[in-house]
Amino acid sequence: MRVDGVVVGRGDADVPDAARVTLGAPAPSFPSALRLVHEDDDLLVVEKPPGLLTIGTTRERERTLYRLLFDYVRATPHRRASPAAAARTATRLFIVHRLDRETSGLLVFAKSAAVKRALQAQFAARAVERGYVAVVEGRVRDDAGTLRDRIVEDPTTLRVRTGRGGREAVTEYRVRERRARSTVLELRLRTGRRGQIRAQLAALGHPIVGDRAFGATTDPVRRVCLHAAVLGFTDARGRAQRFTSAPPTSWGASIGPPKPPDARRVPGNP
C-alpha cells in the first residue's frame, strides 16, 4: 500500500482523511533512455536515441531498444484496458521495422503477431509515411529532387553502397535550410532499403554530417545527423495515425519536423 506515494507496510497505520491510497505494485516506469510517444493495447510508438541498436546482434544482445521495451511491456500487463488485452500483451512485443544504431527517431512496435502482420503489410505496400531530417555536408544545389539508385549489400560485412545489380532505392528530398558549410534536408522514403538514405546522400556528394562510415569529414555534435521525424500508418482499428518528432536542439533551433505532405500525394514509403 502507498499513502500519498509513500510505501506503508503496516495495516494499522494512521491514514489522513484527504490522503491518496494506492493498492498493489506501482506501475513500472518507462525506460529513461527512451521517449514514449504513444501507447495503446495494440502498439507502442517510441523515440529511439542515437547509439542504441533496435534489436540485438551476435555481439550485443542486452542493451537494445527491443530489450528495454520488452521488459517494460512484460511488467505492465495490469495496465491494459481489458483482461483479454492483458492476456494478449503480457509478454509479447514484435519488431515492425528498424533504424540504424546511429539514427534517432520514431519506431513502432506491435503487441501481437496480428498487429505486426498488418503493419508490415502497409510497409510492403508502401503505404506508410516515413519522413526524415538530415544535416549534410556542403550546400545542396537543387531545392528539391529525387534520388534513384541501386543499393548493394556486402554479404560479409553487411555494408551498403550504391552500385549496379542491387535493389532499387528511391528517396525524395527537399532543402529546408542552407548554411555556410552544410544543408538541412527533409527526406521521404519511397522504398525501404537498409541504409538507403545514408548511401544515397553519400553518392550525391553530400554525406550526412557525422557519418564517417559514408565519407563525412565533419562531426560537430558527435553523432550521425539523421533523425526519423515522421511516422504515419493506419492502426489496428482502422484509424489514421501520424506522429512527429523534432530533431535534437543541438542541430539548430530552426530545424523542426517535416511539414505534412501535400494531400494530393501518396504517403511516403518505408
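Start with arginine 130: its side chain makes a polar contact with that of tyrosine 132, at 2.9 Å. This is a predicted model, and a search through the whole of it turns up 19 salt bridges. Arginine 130 has no salt bridge, even though it's buried.

- You'll find arginine 130 in strand S8, which covers residues 129-137.
- Side chains of opposite charge can pair when their charged atoms come close.
- For arginine 130, the nearest side chain of opposite charge belongs to aspartate 100, and that is 8.6 Å away.
- A salt bridge needs the nitrogen and the carboxyl oxygen within 4 Å, so aspartate 100, at 8.6 Å, doesn't qualify as a partner for arginine 130.

**Glutamate 39 and lysine 111**

- These two side chains meet in a salt bridge, with 3.0 Å from N to O.
- The link spans distant parts of the chain, as the two residues sit 72 residues apart.
- Glutamate 39 belongs to strand S4 (residues 35-39), while lysine 111 is in the loop between strand S7 (104-110) and helix H3 (113-124).
- Lysine 111 has 0% relative accessibility, so it counts as buried.
- Glutamate 39 comes out at 22% and is therefore classed as partly exposed, because buried means under 20%.

**Glutamate 186 and arginine 174**

- Here the closest N and O atoms of the salt bridge are 2.8 Å apart.
- Glutamate 186 is in strand S12 (residues 182-189) and arginine 174 in strand S11 (residues 167-178), so the pair ties together parts 12 residues apart in sequence.
- Glutamate 186 is buried, at a relative accessible area of 7%, whereas arginine 174 is partly exposed at 32%.

**Arginine 239 and aspartate 235**

- Arginine 239 pairs with aspartate 235 in a salt bridge whose closest N and O atoms are 2.8 Å apart.
- Aspartate 235 is the buried end, with 7% relative accessibility, and arginine 239 is partly exposed at 41%.

- Some salt bridges share partners, and that joins Glu129, Arg174, Arg176, Glu186, Arg188 and Arg242 into one network.
- Glutamate 186 and arginine 174, the salt-bridged pair described above, are both among the members of that network.

Notes:
Residues numbered from 1 in each chain as written. Predicted model: local features only at pLDDT ≥ 70, side-chain atom pairs only at ≥ 80, totals over all residues. Heavy atoms only, no water. Helix = DSSP H or I, 4+ residues; strand = E, 2+ residues; numbered from the N terminus. Buried < 20%, exposed > 50% of the residue type's maximum accessible area, 1.4 Å probe, protein only. Lys, Arg positive; Asp, Glu negative; His and termini not counted. Polar contact = N/O pair within 3.5 Å; in protein donor to acceptor, adjacent residues only side chain to side chain.
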